[in-house]
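Welcome! Let us walk through this structure together, one piece at a time.

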Amino acid sequence: QMNTLETIKITNDGSKQMKFNGIEFWTNRYNKIMYVPSNEWNVVDQLVAAGLATRKFYKKLYGHTEYTLAA
């Protein structure tokens, strides 16, 4: 278990293309994880387990779960 978090690219609007344990994902400018190109969404569980992201559940939004990268 490497737990390597790397930033690949930061766009003009502040979105980030990142990689964790070899899985690429994108955050928006507010550090919310928006997109996982490979669809390997278990990356969010790995990030939370490593203490690198937080999980917040919104019951009102049809059970929407939001993942935020820790600063």
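Let us begin with the sheet. Four strands make up an open sheet, arranged in the order β1-β2-β3-β4 with antiparallel pairing. Its edge strands are β1 and β4, each of which pairs on one side only. From one strand to the next, the twist averages 40°. Here two strands pair if DSSP finds at least two bridges between them, while helices (H or I, at least four residues) and strands (E, at least two) are DSSP runs, numbered from the N terminus.

A word on the model itself. This is a predicted model, in which local features need pLDDT of at least 70, side-chain atom pairs count only at pLDDT 80 or more, and totals for chains, interfaces and linings use all residues. Residues are numbered from 1 along each chain as its sequence is written, and side-chain values use heavy atoms, leaving out hydrogens and water.

Back at the sheet, look at β3 and β4, which run antiparallel and are joined by two bridges. Thr27 has Ile33, in β4, as its bridge partner. Helix α1 packs on the sheet and touches β1, β2, β3 and β4, and its direction makes about 85° with that of β3. Such axes are lines fitted to C-alpha atoms, for helices over the stretch in contact, with angles running from 0 to 180 degrees between N-to-C directions; contact means heavy atoms within 4.5 Å.

Now turn to the helix. In α1, residues 42-49, Val43, Val44 and Leu47 are buried. They sit on the same side of α1, because they cover an arc of only 100° around the axis, an arc taken from the directions from the helix axis to the C-beta atoms. Buried means under 20% relative accessible area, exposed over 50%, and partly exposed in between (1.4 Å probe, protein chains only). Among the elements covering the buried residues of α1 are β5 (53-58) and β6.

Next come two loops. Most residues other than glycine have a negative phi. Asn21, in the loop between β2 (16-20) and β3 (23-27), has a positive phi near 50°. Asn31, in the loop between β3 and β4 (33-35), also has a positive phi, of about 70°. Is Asn31 buried or exposed? Asn31 is buried, because its relative accessible area is 18%, whereas Asn21, at 23%, counts as partly exposed.

Finally, find Ala70 in the segment after β6 (64-69). Beyond its neighbours within four places in sequence, Ala70 contacts Gly51, Leu52 and Ala53.
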